[in-house]
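Here's a quick briefing to read alongside the model.

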Amino acid sequence: MDLIKKRGVLIVGVKTDYPPFGMLSPDATLQGFEHDLAEDLARGLGVALRKVAVTGANRLQILDEGGIDVMIATLGDTYARRQIADLIEPNYYSSGVTLMTRPDSKLDTWADVRGQKVCATQGSYFNRAMATRYLLDLQIFANGRDAKLAVRDGRCAGWLFDNTAIAGDLLSNEWKYYKTKLRPQLLTPWAIAIARSEKGGALEHFIGDTVAQWHRRGVLLELEKKWRLPPSIFLTEMHTLWNKKDEKGAFVCRRLPDGQWPVVCRNPIFITSTETTGLRQFGLLVKEKTGVNLTYIYDDYERAQFIRALFTTLALTASCVFGSLVSGMIFALTIEQRIPLLSRFLKGFTLVGRMTPPLLQIYVLAFGIGSVLAANWGMQLNSFLIVVLCLCWYTGSGILHILENASDKERLRAPGFRLNLSTLRAIANRCSTSILASLVNVSKATMMASAVAVPELLSVSTSIIAEHGTVATMMNTLMLLFLVLVFVVLRLLQRVERRWCHGMD
């Protein structure tokens, strides 16, 4: 800081090859989103500004060698880069992966892209993660230009790439009518960088306070509009966070006595166990000591998603177990009434239910019948309800078959036997082992709900794996949770069986 003020010039490394963040104007002057930020920093220090053009390949080297004081050059905030330079919080922007599509594209969500051919660029770090998460059929091209031409020619549904780079392409005449409607994935915040030797010093403190003010005053949101960038969810959320106040009217995000920002205002990726308490501290401590990454414990967002998934799975289990048992008994009692058309219809209906794989039922109802209803009448079927109906149909039809077999055996002993409300209890008692097995199986089958995007345990676990690569951790967690769930369901059903059949032979 002293050197900069003595010199009277702030030297900032910026890009010139990444529109609209850094580029050359028609009159050969340097301009862009990040150039405006550099100018604001210099104004805040009361010094002149000198800009040095950097690239993705040499930016960290130039900073390390002392060729620049500050770097604002689309630098993603990662662990590896924090070992080379001092990356300042709060982050000032964020980039992610999105899809550039043709003007006539009907793709509105990432679920719409599932299974489609998508153009990608060779060497992009996100190719594998996105292909795994959304089951994309990637067509790999050597460069972005060829990939975009393939999209234009209809050979791909869209081009998978960094949303900020695509934003620059959409400003050109050639691609200005193309679209990026899908929410960016795999978000990586950007940070302003200074030399590691300046960590904790006055320059870091000044830049951090300046970025905080940019968020509070909406400076970054205004620059986003100025440079015709699509609205950033990251900037909107940061604007809200940095303007949030406590009950005393003070900003929640303000410097603590030690000069640090509160944990809630920082990038959660870089918080350690010594900086927090409670569940977050426990999860981070386990990660630091063992390498087991329990993100669903220490990350607030993923913990909320995981808890929601657990309750969704419990709701699915309870609905399917109760619905299957009740529907099976109702099917059996109704068919036993021997009403000509109704009984024959129910026999055929339950035979189809019992012989059709439940996953196929779910797909037909969600993507077949559901698509027709949505396209012609605007009706949207609830995915949770679809899963419950299909699993109850499948398992309830199986329970009907079990009750019918038990009734047939009873008729061999007592030819005049009829299944009704008064005899149902005795028949159910005789085949309770088979019924219990069916109900336990349907509790395990609730994982099929992930196929239609119901946010249950498997669906959320898969998302966490795609984000962090924690395959072993999440799969073992999932296995343990389902072992506990099945055990609890079995014990509850056994208790209900004992009470319902108490005193019966």
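Predicted model: local features only at pLDDT ≥ 70, side-chain atom pairs only at ≥ 80, totals over all residues.

- Helices here are DSSP runs of H or I with at least four residues, strands are runs of E with at least two, and both are numbered from the N terminus.
- Helix α21 covers residues 471-500, and its 30 residues should span 44 Å at 1.5 Å a residue; the end C-alpha atoms are 43 Å apart, which agrees. The expected span is 1.5 Å times one less than the number of residues.
- Buried residues of α21 include Thr473, Met474, Phe482 and Leu493. "Buried" means under 20% relative accessible area, "exposed" over 50%, and "partly exposed" in between, using a 1.4 Å probe and protein chains only.
- Phe487 counts as partly exposed, because its relative accessibility is 48%.
- Val440 is one of the buried residues of α19, along with others including Ile435 and Leu439.
- Helix α19 (432-444) reaches 19 Å from first C-alpha to last, close to the 18 Å expected for its 13 residues.
- The cover over the buried residues of α19 includes α14 (300-336), α17 (383-413), α18 (421-430) and α21.

**Helix α11**
- In α11 (233-243), Phe234, Leu235, Met238 and Trp242 are buried. They sit on the same side of α11, because they cover an arc of only 90° around the axis; that arc is taken from the directions from the helix axis to the C-beta atoms.
- Among the elements covering these buried residues are β7 (86-100), α9 (202-217) and α10 (219-226).
- Ser232 caps the N-terminal end of α11, with a side-chain oxygen 3.3 Å from the backbone nitrogen of Phe234.

**The loop between β6 and α4**
- Asp77 sits in the loop between β6 (70-71) and α4 (79-82), and it counts as buried because its relative accessibility is 3%.
- The Asp77 side chain makes a polar contact of 2.9 Å with the side chain of Arg82, and another of 2.9 Å with that of Asn91. A polar contact is a pair of N or O atoms within 3.5 Å; within protein, one must be able to donate a hydrogen and the other to accept it, and residues adjacent in sequence count only if both atoms are side-chain atoms.
- Thr74 lies in the loop between β6 and α4 too, and it is buried at 8% relative accessible area.
- Leaving aside neighbours within four places in sequence, Thr74 is in contact (heavy atoms within 4.5 Å) with residues including Lys15, Tyr18, Arg59 and Trp190.

- The Pro19 to Pro20 peptide bond is cis, with omega near 0°, and Pro20 lies in the loop between β2 (17-18) and β3 (22-24).
- Glu89 and Pro90 are also joined by a cis peptide bond, with omega about 5°; Pro90 is in strand β7.
- Leu135 is not a glycine, yet has a positive phi of about 55°.
- Arg338, in the loop between α14 and α15 (340-355), has a positive phi near 60° despite being a residue other than glycine.

How values were computed. Residues numbered from 1 in each chain as written. Heavy atoms only, no water.
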